[in-house]
Amino acid sequence: MDDLNMHIDPGPSAAHQMHRMKLDPARTEAVLISHCHPDHYTDAEVMIEGMSRGGLKKRGTLLASRSVLEGHQLHGPAVSKYHRSLLNRIEMAEVGGEVKLNDMRIRFTPTKHSDPTGVGFAMETREGLVSYVSDTELDHQVLKHQEGSRILILPLTRPWGARIPNHLCTEDALEMVKEIRPEMAILNHFGAKIIHAGAEKQAAIIEKETGVRTLAAEDLMTVQLGKIIRVRRN
Ligand SMILES: [Zn+2]
Ligand SMILES: [Zn+2]
(Lines give C-alpha, C1' and ligand atoms only; values in the text may rest on other atoms or scores of the structure.)
(Ligands and ions follow the chains in the order given, each with its own letter.)
Protein backbone atom coordinates (compact mmCIF):
# COMPACT_ATOMS: atom_id res chain seq x y z
CA MET A 1 0.00 0.00 0.00
CA ASP A 2 1.25 3.50 -0.88
CA ASP A 3 4.38 1.92 -2.42
CA LEU A 4 5.20 0.34 0.92
CA ASN A 5 5.52 -3.43 1.16
CA MET A 6 4.02 -4.51 4.46
CA HIS A 7 3.39 -7.99 5.73
CA ILE A 8 0.60 -8.20 8.30
CA ASP A 9 0.38 -11.20 10.63
CA PRO A 10 2.72 -13.70 8.95
CA GLY A 11 1.18 -16.92 10.23
CA PRO A 12 1.88 -20.52 9.21
CA SER A 13 3.01 -20.90 5.59
CA ALA A 14 3.26 -17.13 4.99
CA ALA A 15 6.70 -17.65 3.45
CA HIS A 16 5.38 -20.43 1.24
CA GLN A 17 2.44 -18.30 0.07
CA MET A 18 4.83 -15.47 -0.83
CA HIS A 19 6.82 -17.92 -2.90
CA ARG A 20 3.63 -18.99 -4.71
CA MET A 21 2.88 -15.32 -5.46
CA LYS A 22 6.47 -14.73 -6.62
CA LEU A 23 6.93 -12.07 -3.94
CA ASP A 24 10.46 -11.57 -2.63
CA PRO A 25 10.62 -11.29 1.20
CA ALA A 26 13.78 -9.16 0.78
CA ARG A 27 11.51 -6.43 -0.62
CA THR A 28 9.30 -6.38 2.48
CA GLU A 29 9.78 -3.13 4.38
CA ALA A 30 7.62 -3.66 7.45
CA VAL A 31 6.19 -6.58 9.38
CA LEU A 32 3.10 -5.92 11.52
CA ILE A 33 1.95 -8.41 14.15
CA SER A 34 -1.37 -7.74 15.81
CA HIS A 35 -1.13 -10.18 18.72
CA CYS A 36 0.66 -13.19 20.06
CA HIS A 37 -1.25 -16.18 18.71
CA PRO A 38 0.57 -18.58 16.39
CA ASP A 39 -1.82 -18.15 13.46
CA HIS A 40 -0.54 -14.54 13.39
CA TYR A 41 3.17 -14.86 14.15
CA THR A 42 4.68 -18.26 13.28
CA ASP A 43 6.55 -16.97 10.21
CA ALA A 44 7.50 -13.61 11.77
CA GLU A 45 11.15 -14.51 12.30
CA VAL A 46 11.32 -16.01 8.81
CA MET A 47 10.03 -12.71 7.40
CA ILE A 48 12.52 -10.72 9.44
CA GLU A 49 15.33 -12.89 8.09
CA GLY A 50 14.00 -12.27 4.58
CA MET A 51 13.73 -8.51 5.13
CA SER A 52 17.27 -8.32 6.45
CA ARG A 53 18.59 -10.59 3.67
CA GLY A 54 19.38 -13.42 6.02
CA GLY A 55 20.79 -11.04 8.61
CA LEU A 56 23.37 -9.49 6.24
CA LYS A 57 21.85 -6.04 6.46
CA LYS A 58 20.09 -4.37 9.40
CA ARG A 59 16.84 -3.50 7.71
CA GLY A 60 13.08 -3.09 8.02
CA THR A 61 10.47 -2.16 10.61
CA LEU A 62 8.55 -4.30 13.07
CA LEU A 63 5.29 -3.05 14.58
CA ALA A 64 3.97 -5.51 17.11
CA SER A 65 1.87 -5.86 20.24
CA ARG A 66 3.44 -5.86 23.69
CA SER A 67 2.82 -9.61 23.98
CA VAL A 68 4.82 -10.25 20.79
CA LEU A 69 7.73 -8.00 21.74
CA GLU A 70 7.99 -8.45 25.49
CA GLY A 71 5.52 -11.13 26.45
CA HIS A 72 2.41 -10.51 28.51
CA GLN A 73 0.94 -12.90 31.07
CA LEU A 74 0.70 -16.26 29.29
CA HIS A 75 1.55 -14.90 25.84
CA GLY A 76 4.88 -14.56 24.09
CA PRO A 77 7.30 -13.09 23.40
CA ALA A 78 7.39 -14.30 19.81
CA VAL A 79 10.44 -12.60 18.26
CA SER A 80 13.91 -13.53 19.50
CA LYS A 81 16.53 -10.97 20.56
CA TYR A 82 18.59 -12.06 17.58
CA HIS A 83 15.79 -11.28 15.13
CA ARG A 84 15.09 -7.98 16.86
CA SER A 85 18.74 -7.08 16.34
CA LEU A 86 18.31 -7.45 12.55
CA LEU A 87 15.73 -4.66 12.37
CA ASN A 88 16.16 -0.95 11.78
CA ARG A 89 13.11 0.07 13.73
CA ILE A 90 10.87 -1.60 16.31
CA GLU A 91 7.69 0.02 17.59
CA MET A 92 5.33 -1.36 20.18
CA ALA A 93 1.76 -1.26 18.90
CA GLU A 94 -0.50 -0.15 21.75
CA VAL A 95 -4.13 0.90 21.57
CA GLY A 96 -4.41 4.65 20.99
CA GLY A 97 -0.89 4.90 19.58
CA GLU A 98 0.12 5.49 15.99
CA VAL A 99 3.21 5.49 13.79
CA LYS A 100 4.13 6.87 10.41
CA LEU A 101 5.62 4.55 7.83
CA ASN A 102 6.75 6.72 4.92
CA ASP A 103 3.65 8.87 4.36
CA MET A 104 1.19 6.39 5.81
CA ARG A 105 -0.23 6.87 9.27
CA ILE A 106 -1.08 3.62 11.03
CA ARG A 107 -3.28 3.81 14.11
CA PHE A 108 -3.46 0.97 16.61
CA THR A 109 -7.08 0.12 17.33
CA PRO A 110 -8.60 -1.88 20.21
CA THR A 111 -9.62 -5.53 20.10
CA LYS A 112 -11.48 -7.67 22.61
CA HIS A 113 -9.62 -10.94 22.51
CA SER A 114 -7.81 -13.47 24.67
CA ASP A 115 -4.50 -11.63 24.15
CA PRO A 116 -5.39 -8.42 26.00
CA THR A 117 -2.51 -6.51 24.37
CA GLY A 118 -3.73 -7.27 20.83
CA VAL A 119 -4.39 -4.43 18.39
CA GLY A 120 -5.91 -3.81 15.00
CA PHE A 121 -4.28 -1.64 12.32
CA ALA A 122 -6.11 1.34 10.79
CA MET A 123 -4.01 2.31 7.78
CA GLU A 124 -4.54 5.78 6.38
CA THR A 125 -3.41 5.35 2.79
CA ARG A 126 -3.46 8.00 0.05
CA GLU A 127 -6.60 6.28 -1.24
CA GLY A 128 -8.39 6.21 2.09
CA LEU A 129 -8.68 4.13 5.21
CA VAL A 130 -8.04 0.39 5.22
CA SER A 131 -8.83 -1.28 8.54
CA TYR A 132 -7.39 -4.62 9.53
CA VAL A 133 -9.52 -5.34 12.57
CA SER A 134 -7.67 -8.46 13.84
CA ASP A 135 -9.02 -11.06 16.24
CA THR A 136 -11.81 -9.69 18.38
CA GLU A 137 -15.35 -10.22 19.45
CA LEU A 138 -18.07 -7.70 18.63
CA ASP A 139 -17.64 -4.69 20.85
CA HIS A 140 -18.76 -1.08 20.69
CA GLN A 141 -15.25 0.33 21.27
CA VAL A 142 -13.80 -1.87 18.54
CA LEU A 143 -16.55 -0.83 16.16
CA LYS A 144 -16.11 2.88 16.84
CA HIS A 145 -12.46 2.77 15.77
CA GLN A 146 -13.26 1.38 12.32
CA GLU A 147 -15.37 4.37 11.25
CA GLY A 148 -14.56 5.80 7.84
CA SER A 149 -12.99 2.61 6.47
CA ARG A 150 -13.12 2.15 2.71
CA ILE A 151 -12.02 -1.44 3.15
CA LEU A 152 -12.86 -3.34 6.32
CA ILE A 153 -10.93 -6.58 6.83
CA LEU A 154 -12.75 -8.77 9.34
CA PRO A 155 -11.53 -11.97 11.00
CA LEU A 156 -14.54 -14.23 10.63
CA THR A 157 -13.81 -17.30 12.73
CA ARG A 158 -17.27 -18.83 13.06
CA PRO A 159 -20.28 -19.17 10.74
CA TRP A 160 -23.85 -18.02 11.30
CA GLY A 161 -25.29 -19.30 14.59
CA ALA A 162 -22.00 -20.55 16.04
CA ARG A 163 -20.70 -17.68 18.19
CA ILE A 164 -17.81 -18.35 20.60
CA PRO A 165 -16.09 -15.86 22.93
CA ASN A 166 -13.21 -13.72 21.64
CA HIS A 167 -14.10 -14.12 17.95
CA LEU A 168 -16.56 -12.94 15.32
CA CYS A 169 -19.33 -15.05 13.85
CA THR A 170 -21.29 -14.09 10.75
CA GLU A 171 -23.99 -12.19 12.69
CA ASP A 172 -21.27 -10.12 14.39
CA ALA A 173 -19.50 -9.35 11.12
CA LEU A 174 -22.84 -8.39 9.60
CA GLU A 175 -23.44 -5.98 12.47
CA MET A 176 -20.02 -4.37 11.95
CA VAL A 177 -20.46 -4.01 8.20
CA LYS A 178 -23.95 -2.55 8.68
CA GLU A 179 -22.62 -0.02 11.18
CA ILE A 180 -19.42 1.02 9.36
CA ARG A 181 -20.69 0.74 5.79
CA PRO A 182 -17.30 0.42 4.09
CA GLU A 183 -17.08 0.24 0.29
CA MET A 184 -15.88 -3.31 0.65
CA ALA A 185 -15.68 -5.87 3.44
CA ILE A 186 -13.15 -8.69 3.22
CA LEU A 187 -13.55 -11.72 5.45
CA ASN A 188 -10.54 -13.80 6.45
CA HIS A 189 -9.34 -16.00 9.36
CA PHE A 190 -11.78 -18.84 8.68
CA GLY A 191 -12.14 -21.60 11.26
CA ALA A 192 -12.96 -25.20 10.35
CA LYS A 193 -16.71 -24.69 10.82
CA ILE A 194 -16.67 -21.87 8.26
CA ILE A 195 -14.79 -23.97 5.76
CA HIS A 196 -17.55 -26.59 6.11
CA ALA A 197 -20.41 -24.08 6.11
CA GLY A 198 -18.87 -22.22 3.15
CA ALA A 199 -17.02 -18.91 3.49
CA GLU A 200 -18.63 -17.63 0.27
CA LYS A 201 -22.05 -18.26 1.77
CA GLN A 202 -21.23 -16.18 4.85
CA ALA A 203 -20.02 -13.35 2.61
CA ALA A 204 -23.21 -13.58 0.53
CA ILE A 205 -25.40 -13.33 3.65
CA ILE A 206 -23.60 -10.15 4.74
CA GLU A 207 -23.68 -8.62 1.26
CA LYS A 208 -27.40 -9.35 0.85
CA GLU A 209 -28.32 -7.87 4.23
CA THR A 210 -26.14 -4.77 4.02
CA GLY A 211 -25.72 -4.03 0.32
CA VAL A 212 -21.96 -3.74 0.95
CA ARG A 213 -19.74 -5.72 -1.41
CA THR A 214 -18.38 -8.54 0.77
CA LEU A 215 -15.69 -11.02 -0.22
CA ALA A 216 -14.38 -14.18 1.37
CA ALA A 217 -10.59 -13.89 1.13
CA GLU A 218 -8.76 -16.51 -0.91
CA ASP A 219 -5.14 -17.51 -1.22
CA LEU A 220 -3.36 -15.40 -3.85
CA MET A 221 -6.22 -12.88 -4.08
CA THR A 222 -5.14 -9.30 -4.77
CA VAL A 223 -7.09 -6.14 -4.02
CA GLN A 224 -6.14 -2.84 -5.61
CA LEU A 225 -7.39 0.30 -3.92
CA GLY A 226 -7.80 3.26 -6.24
CA LYS A 227 -10.79 5.45 -7.01
CA ILE A 228 -12.49 2.13 -7.46
CA ILE A 229 -11.52 -1.13 -5.78
CA ARG A 230 -10.33 -3.89 -8.09
CA VAL A 231 -10.13 -7.52 -7.04
CA ARG A 232 -8.23 -10.26 -8.81
CA ARG A 233 -8.56 -13.91 -7.89
CA ASN A 234 -6.10 -16.53 -9.05
ZN1 LIG B 1 -6.00 -14.67 18.25
ZN1 LIG C 1 -6.25 -15.68 14.98
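This report walks through a zinc site and the nonpolar cores of a predicted model.

## The zinc site

Let's start with the metal. Four residues hold the zinc ion (ligand 2): Asp39 and Asp135 through OD, plus His40 and His189 through NE2, with distances of 2.0 to 2.1 Å. Along the chain, these donors are spaced as D-H-x94-D-x53-H. Angles between the four donor atoms run from 89 to 167°, so the arrangement counts as irregular. For a tetrahedral label, every angle would have to fall between 85 and 135 degrees.

His40 has 3% relative accessibility, so it counts as buried. His189 comes in at 21%, which means it counts as partly exposed; the cut-off for buried is under 20%.

## The nonpolar cores

Now for the greasy part. The largest nonpolar core has 24 residues, and Met6, Ile106, Phe108, Phe121 and Met123 have the most contacts inside it. Several strands each supply at least two of its residues, including S6 (104-110), S7 (119-125) and S9 (149-158). Domain 1 (1-96) and domain 2 (127-234) both contribute residues, so this core lies between them.

Take Ile106: beyond its neighbours within four places in sequence, its contacts include Met6, Leu32, Leu63, Val99, Phe121 and Met123. Another core, of 20 residues, lies apart from the largest one, and Leu168, Leu187, Ile206 and Ala216 are among its members.

Technical notes. Residues numbered from 1 in each chain as written. Chains lettered and ligands numbered in written order. Predicted model: local features only at pLDDT ≥ 70, side-chain atom pairs only at ≥ 80, totals over all residues. Heavy atoms only, no water. Donors = N, O, S within 2.8 Å, 3.2 Å for Na, K, Ca; no water. Tetrahedral: all angles 85-135°; square planar, octahedral: opposite > 155°, others 65-115°. Buried < 20%, exposed > 50% of the residue type's maximum accessible area, 1.4 Å probe, protein only. Core = buried A, V, L, I, M, F, W, Y, C linked by side-chain atoms within 4.5 Å. Helix = DSSP H or I, 4+ residues; strand = E, 2+ residues; numbered from the N terminus. Domains from an automatic or database assignment. Contact = heavy atoms within 4.5 Å.
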